[in-house]
Amino acid sequence: MTPSVRERLIRAVVARIGSAIAPTPLHRQPTVPLPREASPALLLFIEGDQVLAQANDRLDRALTLRLVALAREGDAFDVADALIVAAHGALMAEPSLGGLALGVREIDCEWDTEDADSQALAVPARYEIRYRTLASDLTQKG
């Protein structure tokens with residue numbers, strides 16, 4: 001079975017960012033909190049996929065991803081920043097993501113210190129990937 005364009009985009013993002021931040025792990029859509037010893041790490045969450053417009057049999061879509069850089073201890077700000085910089089560079093180096101996307105744009109970035117753990121830092125950065133599919137087939141680019 002052929003994966004959707006959306007899934008192929010996510011796989012391309014995982015491959016690009018994963019190699020850019022190696023040996024730091026990238027976790028796609030983790031369902032349980034990471035233990036302290038798993039830090040630093042970069043988490044990838046798929047926030048949504050929205051239809052923006054329809055023209056005949058083509059749909060313009062926007063896939064929103066959230067990257068969260070996790071770091072702890074004294075150099076947490078530097079480590080988290082380096083992860084976001086590397087991930088951003090990997091996404092923006094070729095915004096068509098191998099011809100699957102119309103483009104990638106950064107939406108926002110925040111700096112959050114965890115209330116429960118004063119040594120933990122989470123830096124979420126959100127990106128929008130615009131792409132096009134056929135209205136009748138999510139596996140075909142439009």
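Modeller: Let us begin with Ser39, which counts as buried because its relative accessible area is 19%; buried means under 20% relative accessible area, exposed means over 50%, and partly exposed lies in between, with a 1.4 Å probe and protein chains only. This is a predicted model, in which local features need pLDDT of at least 70 and side-chain atom pairs count only at pLDDT 80 or more, while totals for chains, interfaces and linings use all residues. Residues are numbered from 1 along each chain as its sequence is written, and side-chain values use heavy atoms, with hydrogens and water left out.

Biologist: Where does Ser39 lie, and which residues is Ser39 in contact with, leaving aside its neighbours within four places in sequence?

Modeller: Contact means heavy atoms within 4.5 Å. Ser39 lies in the loop between β1 (26-28) and β2, and beyond those sequence neighbours it is in contact with Leu70, Ala71 and Arg72. Helices (H or I, at least four residues) and strands (E, at least two) are DSSP runs, numbered from the N terminus.

Biologist: What separates the C-alpha atoms of Ser39 and Ala76?

Modeller: Their C-alpha atoms are separated by 9.7 Å, although the two residues are 37 residues apart along the chain. Ala76 is found in helix α2 and counts as buried because its relative accessibility is 4%. Not counting residues up to four places away in sequence, Ala76 touches Ala71, Gln119 and Leu121.

Biologist: Which value does phi take in Glu73, and where is the place of Glu73?

Modeller: Phi of Glu73 is near 75°, a positive value in a residue other than glycine. Glu73 has its place in the loop between β3 and α2 and counts as partly exposed because its relative accessibility is 45%. Asn56 likewise has a positive phi, near 55°. Asn56 lies in the loop between β2 and β3 and is exposed, with a relative accessible area of 73%.

Biologist: How does one read the pairing of strands?

Modeller: Two strands pair if DSSP finds at least two bridges between them. Strand β2 (residues 41-55) and strand β3 pair in the antiparallel sense over 13 bridges, and Gly48 stands opposite Thr64 in β3. The hairpin of β2 and β3 has 2 residues between the strands, and Asn56 takes its positive phi there.

Biologist: How many bridges join β3 to β6?

Modeller: Strand β3 is joined to strand β6 (residues 120-134) by 15 bridges, and the two run antiparallel. Val68 stands opposite Pro124 in β6. Of the 15 residues of β3 (residues 58-72), 12 are buried, so β3 is largely enclosed by the rest of the structure. On β6 there are also 2 bridges to strand β7 (residues 137-141), again antiparallel; Thr133 has Lys141 in β7 as its bridge partner, and a hairpin joins β6 to β7 through 2 residues.

Biologist: How is the packing of helices described?

Modeller: Two packed helices are described by the angle between their axes and the distance between the axes. Axes are lines fitted to C-alpha atoms, for helices over the stretch in contact, and angles run from 0 to 180 degrees between N-to-C directions. Helix α1 (residues 5-21) and helix α2 (residues 76-92) pack at an angle of about 135°, with axes 9 Å apart. The contact is made by Val13, Arg16, Ile17, Ala20 and Ile21 of α1 and by Leu83, Ala86, Ala87, Ala90 and Leu91 of α2.

Biologist: What does the chain comprise as a whole?

Modeller: Its secondary structure comes to 2 helices and 7 strands, in the pattern α-β-β-β-α-β-β-β-β along the sequence. The C-alpha trace spans about 55 × 25 × 25 Å along its principal axes, and buried residues make up 37% of the 142 residues.
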